[in-house]
Amino acid sequence: MAAKERQERAGRQAAQAAPADSLAERGAQIKPCEPVRKAAKGPDRPPHEAYAVRALVLQGGGALGAYQAGVYQGLAEGGVYPNWVAGISIGALNAAVIAGNPPERRVEQLRAFWEYICAQPWLPSLSHSWLTDSAESWPEPLRVWFDGLQAARAMFEGQRGFFQPRSWLELVSRYTDPSRASYYDTTPLRATLERFADFDLINHRPQEMRVSVGAVNVRTGNFAYFDNTRETLRPEHFMASGALPPGFPAVEIDGEYYWDGGLVSNTPLAEVLTAQPRRDALIFQVDLWSARGKLPHDLIDVAERQKDIQYSSRTRAITDYMREQQNFRRMLNEVMALVPQSKRDNDWYRRAAEHACDARRNVIQLIYRDKAFENLAKDYQFGSLTMHEHWTSGLDDIRQTLKHPHWLAMPGPEHPFVTHDVHRGNGE
């Protein structure tokens, strides 16, 4: 390794170790369970303000990620601002833009980011032509053709400020550098992230806006979370979370190479639910792939359905398991309260105290629903028209959700873990 590279890495590592209020240094003071019920300031106080944690959890899904941006716009309109954003893949890129801007600029910068990467890079763009303006009223076969054209352009041209195809010579060459073993080069993405996100802001006050992004260590196969409460986050951390092979190359971070977190888990929901200390949490889980779908009737349908199932979050399975766990923790908490004070000074009581907890969890789930004309290419169809449609779908869904303000209320002690989904009626 060159001397300059060693110096830069040492500087980064020193910067990561520098904050005196890091989570590691506060570890001795952190309790496994810290439910914090904030006292109401008045009858008009919004119910979401009672939660110590207000998390936005963003799944991976490529071009479908504009749906998440629409959801964030709706949350901002409703005065609901997360203090923790966690993402995988495109969800990580959205997380960077959200956390990397002050609240009053987040929607504006999200819009600018998506408008920027959805512009076609080489051929004259159709984004603002009469074709795009009139496409919403086209018959379905014509719309399928138009979207296919946009997807083909992404494949052959790449996307501005995101990725660009490698030359044929690069594709047939053999390199020792894993960061070049891919169909596309994502080098432009670094400059784009720095353009639309302030990384000093992301790392400045992690206690006000926590950021977590997931990736997979290529060498070990282990899942890893990069978190601004534990380390200084750089563009590489977010790029690694979205480095889906073989399209995108592995990203090097401090001597290790990482791929897209969606290879192991396409949602950071479990990371948020299992984090310690366990606190009262309102979690908006925004999924881009639905596990439910129609039976396929041809090979293209089969490929699309396979992708839906592969990348869906299994949110229902996670929430069912976590609901059971939280019910046990609350029951243990109640039983421990019956133990006389004189019997509490023993190891078994202290061990039980690490697991007992009466924290409340409320998961609001939103899932993007496919349009009839969408197909296998929906995750790399970055056309401007579909981007705006995805954005509008997310905005509409969160607006419908917020029409049920009681869904945001703190769960009661008898049911400390609840879930709601606007597409499934009144929630559970």
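1. Basis. The structure is a predicted model in which local features require pLDDT of at least 70 and side-chain atom pairs count only at pLDDT 80 or more, while totals for chains, interfaces and linings use all residues. Residues are numbered from 1 along each chain as its sequence is written, and side-chain values use heavy atoms, with hydrogens and water left out.

2. Overall architecture. The protein has 15 helices and eleven strands; these are DSSP runs numbered from the N terminus, helices being H or I of at least four residues and strands E of at least two. Of its 428 residues, 50% count as buried, where buried means under 20% relative accessible area, exposed over 50% and partly exposed in between (1.4 Å probe, protein chains only). Among contacts (heavy atoms within 4.5 Å) between residues at least 6 apart in sequence, 75% join residues at least 24 apart.

3. The cavity. A search of the whole structure finds one cavity of 30 Å³ or more, and the largest cavity has a volume of about 80 Å³. A cavity here is a set of points, on a 1 Å grid over the protein atoms alone, where a 1.4 Å probe fits but cannot get out; lining residues have an atom within 4 Å of a point. Grid points are joined across faces, edges and corners, and the volume is the space filled by probe spheres set on the points.

4. Its lining. The residues lining the largest cavity are V144, D147, G148, F373, E374, N375, A377, K378, Q381, T386 and H390. Helix 6 (140-157) and helix 15 (384-402) each supply at least two of the lining residues, and the largest share, three residues, comes from helix 6. By class, the lining has three nonpolar, five polar and three charged residues. In this scheme Ala, Val, Leu, Ile, Met, Phe, Trp, Tyr, Cys and Pro are nonpolar, Asp, Glu, Lys and Arg are charged, and the others, Gly among them, are polar.

5. Salt bridges at the lining. The structure holds 22 salt bridges, each defined as a side-chain nitrogen of Lys or Arg within 4 Å of a carboxyl oxygen of Asp or Glu. The lining residue D147 pairs with R143 at 3.0 Å, N to O. Both lie in helix 6, four residues apart, about one turn of the helix. D147 counts as buried because its relative accessibility is 7%, and R143 is buried at 3%.

6. K378 is buried at 5% relative accessibility, as is E304 with a relative accessible area of 12%.

7. A network. R190, E194, R234, E236 and D254 are linked in a network of salt bridges. R234 counts as buried at 12% relative accessibility, and E236 is buried with a relative accessible area of 16%.

8. Over residues 60-65 the chain is 0% helix and 0% strand, with the end C-alpha atoms 7 Å apart.

Key. 1 Å grid on protein atoms, 1.4 Å probe; cavity = no way out; pocket = protein on both sides within 12 Å on 5 of 7 lines; lining within 4 Å.
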